[in-house]
Amino acid sequence: MAIDMSKMKSKLDKLANNGKEASTSVKWKMEEGQHSVRIVPTDDGDPFKELFFHYKVGGKTVLCPKKNFNDDCPVCNFASQLWRDGVANEDKGSQKQAKELFPKQRFMSPVLVRGEEAKGVQVWEYGKRAYETMIGLVLNPEYGDITDPDEGLDLVVSSSKKAGKLFAETSLTPKRKSSPLASRK
């Protein structure tokens, strides 16, 4: 059975909340500063999801069917043709526009943000460096399964935007002591 693309779009819209700030969004909007988060275990054993998106497509973010599901993608097709035309005609503008349309890899995990537990599990979207750091922690025998509900570790996430930089830099540090995911009642 093929993937129902309308359901996928609905899920993406729910995550992105159509670009509007609202209390119903499950996406965690990390502010600058320090935060304590706990990655929540998932049923499939992989809380680190890799997804590809097209940004700035008619002002929207679009999940790439080609990279995510090996399905035909009109945006990839258009961007590839734009790139080829730009190369053939030595048109740097077309090449630049094509680069902007090519899919970008992002990573997401379900997290419980300490101090915001009332919001429930939220989705944290992060970049490659944070992803590599978390995979390194999981593979390090000193830390192991950081998502374990009883003996996992919270992560201190620090985010700061340096002058002249387009994006904020994120650093991760595991807490030294394990803690339960939630209190037992």
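Visitor: Starting with Asn 70, is that residue buried or exposed?
Guide: Asn 70 is exposed, with a relative accessible area of 74%; here exposed stands for over 50% relative accessible area, buried for under 20%, and partly exposed for anything in between, with a 1.4 Å probe and protein chains only. This is a predicted model, in which local features need pLDDT of at least 70 and side-chain atom pairs count only at pLDDT 80 or more, while totals for chains, interfaces and linings use all residues. Residues are numbered from 1 along each chain as its sequence is written, and side-chain values use heavy atoms, with hydrogens and water left out.

Visitor: Where does Asn 70 lie, and what is its phi?
Guide: Asn 70 lies in the loop between α2 (65–69) and α3 (74–88), where helices are DSSP runs of H or I with at least four residues, strands are E runs of at least two, and both are numbered from the N terminus. Its phi is positive, about 55°, although Asn 70 is not a glycine. Most residues other than glycine have a negative phi.

Visitor: What about Glu 90, which phi does that one have?
Guide: The phi of Glu 90 is near 50°, again a positive value in a residue other than glycine. Glu 90 lies in the loop between α3 and α4 (92–101), and at 71% relative accessibility Glu 90 counts as exposed.

Visitor: Switching topic, which residues touch the most other members of the largest nonpolar core?
Guide: That core, meaning a set of buried Ala, Val, Leu, Ile, Met, Phe, Trp, Tyr and Cys residues joined through side-chain atoms within 4.5 Å, has 18 residues, and those touching the most other members are Val 37, Ile 39, Val 111, Trp 124, Tyr 126, Met 134 and Leu 155. Two or more residues each are given by β1 (33–39), β4 (104–113), β5 (122–126), α5 (128–139) and β6 (155–160), and the largest share, four residues, comes from α5.

Visitor: And what is Val 111 in contact with, leaving aside neighbours within four places in sequence?
Guide: Taking contact as heavy atoms within 4.5 Å, Val 111 meets Trp 28, Val 37, Arg 38, Ile 39, Val 40, Gly 120, Val 121, Gln 122 and Trp 124.

Visitor: How many disulfides are there?
Guide: A search of the whole structure finds zero, a disulfide being a pair of cysteine sulfur atoms within 2.5 Å.

Visitor: Now the charges: how many salt bridges are counted?
Guide: The count comes to seven, with a salt bridge taken as a side-chain nitrogen of Lys or Arg within 4 Å of a carboxyl oxygen of Asp or Glu. One of them joins Asp 154 and Arg 38, at 3.1 Å from N to O. Because Asp 154 lies in the loop between α5 and β6 and Arg 38 in strand β1, the pair ties together parts that are 116 residues apart in sequence.

Visitor: Is Arg 38 buried or exposed?
Guide: Arg 38 is buried, with a relative accessible area of 0%, and Asp 154 is buried too, at 6%.

Visitor: What else does Asp 154 pair with?
Guide: Asp 154 forms a salt bridge with Arg 114, the closest N and O atoms being 2.9 Å apart. Arg 114, at 22% relative accessibility, counts as partly exposed. Salt bridges that share partners join Arg 38, Arg 114, Glu 117 and Asp 154 into one network.
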